[in-house]
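Good morning, colleagues. Please look at the structure on the screen while I describe it.

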Amino acid sequence: INITLAAEYRVNAAVPLTLDDITNNAYVGVVADTDAQGNLVALDVRVFPEANRGTGAGSRPWDLTPTSSMNNGTLAAVEPQAQGRLVRVTYPDGEKLVMIGPDTPIWSTEPGDASLVVPGAYVVINARKLDDGSYTATNIMIEKNGTRPTL
């Protein structure tokens, strides 16, 4: 589809992080799936900037796989395990335990600029459909140096 960018659109660039960057009290969004034993295993982890603390807090179904969920909250515990990190994601009405493996994509965002908006770049855009059927967006989340954003 064609999406028109608003005159004052913002660009946020995805930047890579590692398991060591996941610390207690970080505010995260974890896309997870359920393994054969019923445990949650992270498919993707986004560490939110502090200014976004509270964004989408809670756990809800997600459309990445038939059994995936989005779990946004504060890390109350980070426990090293042989296969990665076991984290407790807490939010106002509950909590989830999630295993984050060594190969799980972990990322955050930083302010970007229009130079990153090039043909072929991987983007996540939340667009709004206008009354005339066209789409417009004020924010773009875009890959940087091979780190792809997900939602």
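This is a predicted model: local features need pLDDT of at least 70, side-chain atom pairs count only at pLDDT 80 or more; totals for chains, interfaces and linings use all residues.

Residues are numbered from 1 along each chain as its sequence is written, and side-chain values use heavy atoms, with hydrogens and water left out.

Let me begin with strand E2, residues 27-34; strands here are DSSP runs of at least two residues, and helices, H or I, are runs of at least four, numbered from the N terminus. Seven of the eight residues of E2 are buried, where buried means under 20% relative accessible area, exposed over 50%, and partly exposed in between, with a 1.4 Å probe and protein chains only. E2 pairs with E3 in the antiparallel sense over seven bridges, and with strand E5, residues 69-81, also antiparallel, over six bridges; two strands pair if DSSP finds at least two bridges between them. Alanine 32 stands opposite alanine 42 in E3, and its bridge partner in E5 is serine 69.

Which residues form the aromatic pair? The structure holds one such pair: tyrosine 27 and phenylalanine 48, tilted, at 5.5 Å centre to centre and 45° between the planes. By definition, rings of Phe, Tyr and Trp (its six-membered ring) pair if their centres lie within 6.5 Å; planes under 30 degrees apart count as stacked, over 60 as edge-to-face and the rest as tilted. Tyrosine 27 is buried at 4% relative accessible area, and phenylalanine 48 is buried at 11%.

I turn now to threonine 104, in the loop between strands E7 and E8. Threonine 104 is buried, at 12% relative accessibility. It touches Ala42, Leu43, Asp44 and Val45, not counting residues up to four places away in sequence; contact means heavy atoms within 4.5 Å.

Finally, the salt bridges: a search of the whole structure finds four, each being a side-chain nitrogen of Lys or Arg within 4 Å of a carboxyl oxygen of Asp or Glu. Among them, aspartate 20 pairs with arginine 85, with the closest N and O atoms 2.8 Å apart. Aspartate 20 lies in the loop between E1 and E2 and arginine 85 in strand E6, so this pair ties together parts 65 residues apart in sequence. Aspartate 20 is exposed at 60%, whereas arginine 85 is buried at 18%.
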